[in-house]
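Please read the text beside the structure shown here.

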Amino acid sequence: MNLPAGHASAKTIAHFVPKAIVPTAEQLAIQISPARMAIVEANAGASKTTVLALRMAEAWTRHTHPDNILALTYTEAASTALKAALRKLGVAAAVVAQFRIATFEDFCTEVLAEIEGGAVPVYTEAEQLSPFIWQAVDWVAEHPGARWRSELLMPTLGDHGMTDAFLQQAEVLKGTMADLLQREEQTVSPDYAASIGVEYTQLRIFLAFEKIRRANPEKPAFRSRQDATYDLACMIHAGEALRHHARWPRTARVIVVDEMHDMNQAMFTVLQALLASNRAFFCGVGDIDQVIHKAAGADARFMRTELAAQNTHNTVFYPLTHSFRFSATLAGLAGRIAGKPYASMASHDTEVAVVRYQHTADCAQQVVQAAQAWKARPKAKMAEFAVLLRHAHQSVEIENALIEAGIPYTTQGFDSYVMRPEVLFVRGLLAVAADDLSSVAVEATRREVMRALMFFSASRIQVEGRERESQQDLLDDAIRSVTDNPLFLTSFFENQILRNAEPATRQRLAAAVQVARSHSGPGLLQALLAALQIQALVNNVLVSHQRRIEAAANLAWLARAAERFASPTQFFQHLNAAEQKQRESKNAKAASLVLASIASVKGLEFDCVSLPYLAQGEFPAPHADAQEELNTLYVGITRARRFLTLHASAERPSEFMGRIEKKAPGKKAP
Ligand SMILES: Nc1ncnc2c1ncn2[C@@H]1O[C@H](COP(=O)(O)OP(=O)(O)OP(=O)(O)O)[C@@H](O)[C@H]1O
């Protein structure tokens with residue numbers, strides 16, 4: 001293809017002239033590319049999302065109706081980033097709203113809702129899915145089959161680890177569609193299971209689970225994460241015609257995909273069907289070093305080879321050589337982390353600073369100071385300051401420090417720590433001890449506190465004369481009466497939760513409330529958690545191994561936060577006030593800084609980024625996939641435009657520090 005050599009000559013061809021940026025020759029080549037299939041693989045910040053926006057705006061300027069321009073992403077954040085890029089280029093908000101921009105999952109959900117005549121319940125928590133998994137286990141146990149009965153390694157009831165293993169396996173099987181693509185006429189045997197990389201029993205349970213989920217072929221009983229994409233991909237694979245469904249595009253002229261590095265077989269199947277039923281120009285962009293969803297079957301081959309192999313149109317690969325987001329200092333660091341060349345054309349400077357902290361509380365204070373320094377800058381927007389965390393539990397100390405300093409914040413990728421189930425449970429116990437649920441000001445939170453008390457106590461509600469009613473209905477009723485009259489909490493706790501809990505749990509709960517009533521001085525939460533024998537309690541109700549680790553970490557960090565309070569009542573009031581502050585911040589988003597998980601901001605950018613807790617055991621996360629941890633670090637640091645501060649433990653620095661500090665960055669934080 002003949003690319004316009006200079007920027008001026010290309011400008012004459014392009015119909016859309018953006019505001020805010022002057023496209024380079026590389027960008028213009030993509031904006032006006034005549035190629036039916038275009039792929040761009042480039043570094044973070046090298047304007048991949050921007051060129052997709054340019055391509056969409058170009059088509060719109062050439063009179064393609066926005067409804068016929070379809071953009072698909074893997075995450076919600078990427079959809080947000082694409083809309084922001086379109087706005088930045090000068091496309092009016094009203095037009096942006098008309099483009100069809102969605103995650104693959106949302107797009108597929110919408111198409112399926114039309115086919116199935118309504119929405120399907122979505123269960124994302126292991127606790128919600130667990131009963132169906134055990135139903136599947138029972139089914140396999142009752143139908144072991146004659147030939148490979150001895151090969152079955154059936155889990156025993158209560159083996160919570162098996163639920164995790166199952167969900168991980170199911171995610172891979174659905175993302176890769178391995179069974180569907182490879183089984184054909186084969187029998188499900190141990191050899192076959194091994195050939196697709198699954199243990200035989202696991203495969204049998206998976207197939208039974210799917211039968212339960214899809215007992216009604218017209219409409220599944222429920223869906224979990226990414227199931228809409230999988231279900232639609234299965235329909236496409238089975239040859240079902242989607243053309244006559246109104247929500248399935250038939251007149252799309254432009255189809256673009258952001259984050260193509262995260263594409264798996266199910267998404268690719270949907271994409272191929274879209275390309276087959278539309279005479280559209282396609283452009284996909286990605287960066288292999290940003291893959292943090294390998295567990296869902298993400299595979300770079302779809303972007304690199306598969307698309308070209310499966311389509312008759314010539315696929316043109318375009319370069320985007322330079323980062324515009326940050327200058328050479330940060331580009332150098334990103335290049336070291338990802339082990340690849342990294343050039344920059346940013347017209348602004350980016351300062352990178354590494355600061356050491358002694359204790360985690362110092363780290364939180366450093367973040368507060370950085371936020372205050374940012375706030376003091378003329379015209380600084382607080383929403384442009386992001387604190388990016390590897391784990392949600394790390395927010396406990398930072399949230400408290402921000403509240404104390406009077407700095408509003410919003411959270412992204414996780415709830416504020418005061419709203420996490422295990423913290424709501426502690427708040428419930430403190431409310432019972434103080435006989436004061438009314439201090440929890442928001443009614444919705446009172447309800448959540450009640451649910452958490454019931455959930456962690458694994459108790460039941462018994463009401464004379466209402467034995468036939470479901471636990472759900474009885475709980476809803478109880479919640480209603482207690483939220484209306486918070487003084488009923490203590491009697492509800494004593495007469496229902498305590499009375500109907502298992503004897504061992506009852507003793508622990510009673511002991512914990514006693515601690516909360518009588519404790520004074522430091523060590524409150526440790527004493528309360530010890531009385532609860534919290535690990536056993538958590539293990540009893542939380543099915544997911546990952547959730548148990550998270551709950552333990554949240555409570556450990558909460559215990560540290562509780563140290564500053566002289567009495568349980570003060571601590572209880574602090575948690576309630578923290579929630580109140582959080583709500584006020586949410587209503588003043590523009591004035592609030594962003595406290596987010598790294599995973600939730602993939603595709604977004606901020607003027608100023610702080611990355612706290614670079615410490616052993618925190619980041620990289622122990623037992624996690626080493627490459628994905630490195631990719632997560634890469635995603636985190638490449639969100640910054642002008643300032644990046646890395647906060648590293650002085651005593652136990654993260655294993656990443658060697659790579660980060662190969663060349664001393666030198667400059668100071670703002
Ligand atoms: N020609 C240009 N001149 C100046 N700034 C530009 C130019 N092109 C893009 N930018 C800016 O560079 C920044 C990064 O662009 P963009 O978000 O599109 O990168 P990306 O490759 O999609 O990043 P990521 O990999 O993190 O998703 C944005 O602020 C964008 O507006």
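A residue is near a molecule if its C-beta atom, placed from the backbone, lies within 6 Å of it. On this basis 21 residues surround the ligand, the closest being Ser47, Lys48, Thr49, Thr50 and Phe324. The model is predicted, so that local features need pLDDT of at least 70 and side-chain atom pairs count only at pLDDT 80 or more, while totals for chains, interfaces and linings use all residues. Residues are numbered from 1 along each chain as its sequence is written.

| Class | Residues in the shell |
|---|---|
| nonpolar | eight residues |
| polar | eight residues |
| charged | five residues |

Because domain 1 (7-116 + 241-320) and domain 3 (328-408 + 588-660) both give residues to this shell, the ligand lies between them; the domain bounds come from an automatic or database domain assignment. Helices are DSSP runs (H or I, at least four residues) numbered from the N terminus, and α3 (48-61) and α4 (76-88) each supply at least two residues of the shell, with the largest share, three residues, coming from α3.

These two helices also pack on each other, at an angle of about 60° and with their axes 9 Å apart, where axes are lines fitted to C-alpha atoms over the stretch in contact and angles run from 0 to 180 degrees between N-to-C directions.

Key. Nonpolar A, V, L, I, M, F, W, Y, C, P; charged D, E, K, R; others polar.
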